[in-house]
Amino acid sequence: MQQIKPYVDSRLTHRCVYCDGEPDTGDHVPPRAFLDKPYPANLPKVPSCQACNEGASLDEEYVSCLLEVAACGSVRPEDLQRPGVARKLQANDGLRQRLAQALTSQGGRVAFVAEVERLSRVVEKVGRGLWAFETGEPTALLIADVWFAAIPSLSKSDVANFMTVGSSDVFPEVGSRRMFRHTIVEDKFLAPAWQEVQALRFSYAIEMSDGSCSVKMILRDYLVGRVSLG
C-alpha cells in the first residue's frame, strides 16, 4: 500500500493510541494474523503500550481462523487457502474443534456462529488503530459503535452502499496522512480510494464528515466492518 510520512503534532504520536498510556511498542493495524507472508513492506503501525498490543492476540488469532474457515466452508487444514491458518489449526486441535462447532448451514450455504464479543473487540481495535494512523488523533476518549456482517449475507445493494466512501467536509489534522491523501476541489476534501493493505486479505477506508467519523474495512474478502467514532 502507499505509505505517507505524517507531520502531525508530536503530542499526538507519543501516547498509546488505544489507552493514552505510555507507548513502549508499535502495533500493526491490521494485525499480521490477517495477512499472508511475505507481508507488505509498508504495514500501518501505531504507537501502543505492551498491554494493548498483546491483549488482543488470542482474539485476533481466533477471528483470522474463523474467517478462513467460514470463507472456505471447512475446518480441515487441507481445504484452507491461507497456509498460516492451516498450520495453526493443524497444531491446535482445540481451536479447530471450536470453529467446527461454529459452522452452520443456512439455505444450503455455509455460515458461522461467531463469538460476537471477540469479533467485535477485534474490529473495534483495528478501527481505532487505523483512525489514529490516518488522522494522527488518539482514540482513547472516543466512543466506538461497531458493526460487521458477512458479505454473503448482504444484498448487492448493501455491498455497493458499503463500498461507497462519502466525501469529507471536515479539515483533517494538519500534517496527518489523511490530509496528504486528500485533493482539494471546490474547497471540499474528497475521500480517497480504498487503501489495499494486501489483496483479498485486508482493505480499509476512512469517512470523515461533520458528525460522522468512521473506519470501514474488508477482512479476508468475506467480512465487512465499520467502526464509527465520536
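Select H2 and H3 first: the two helices are roughly perpendicular to each other, a label that covers angles of 65 to 115 degrees. H2 spans residues 57–72, and H3 spans residues 83–91. They pack at an angle of about 105 degrees, with axes 10 Å apart. Axes here are lines fitted to C-alpha atoms over the stretch in contact, and angles run from 0 to 180 degrees between N-to-C directions.

Before moving on, note the ground rules. This is a predicted model, where local features need pLDDT of at least 70 and side-chain atom pairs count only at pLDDT 80 or more, while totals for chains, interfaces and linings use all residues. Residues are numbered from 1 along each chain as its sequence is written, and side-chain values use heavy atoms, leaving out hydrogens and water. Helices (H or I, at least four residues) and strands (E, at least two) are DSSP runs, numbered from the N terminus.

**The H2–H3 contact**

Show side chains. From H2, pick Glu61, Ser64, Cys65, Glu68 and Val69; they meet Val85, Lys88 and Leu89 of H3. Contact means heavy atoms within 4.5 Å. By class, these residues are four nonpolar, one polar and three charged. Nonpolar covers Ala, Val, Leu, Ile, Met, Phe, Trp, Tyr, Cys and Pro; charged covers Asp, Glu, Lys and Arg; the others, Gly among them, are polar.

**The H2–H5 contact**

At what angle do H2 and H5 pack? The angle is about 105 degrees, and the axes lie 9 Å apart. This pair is therefore roughly perpendicular too. Leu58, Asp59, Glu60, Tyr62 and Val63 in H2 meet Arg118, Leu119, Arg121, Val122 and Lys125 in H5. That contact has five nonpolar, no polar and five charged residues.

**Along H5**

Of the 20 residues, 15 are buried, meaning under 20% relative accessible area with a 1.4 Å probe, protein chains only. Step past the end to Gly136, whose phi is positive, near 75 degrees.

**A strand residue**

Jump to strand E9, residues 202–209, and pick Ile206. Ile206 counts as buried, at 5% relative accessibility. Draw a distance to Val165: the C-alpha atoms are 7.6 Å apart, across 41 residues of chain.

**Zoom out**

Buried residues make up 45% of its 230 residues.

Technical notes: Buried < 20%, exposed > 50% of the residue type's maximum accessible area, 1.4 Å probe, protein only. Parallel < 35°, antiparallel > 145°, perpendicular 65-115°, else oblique.
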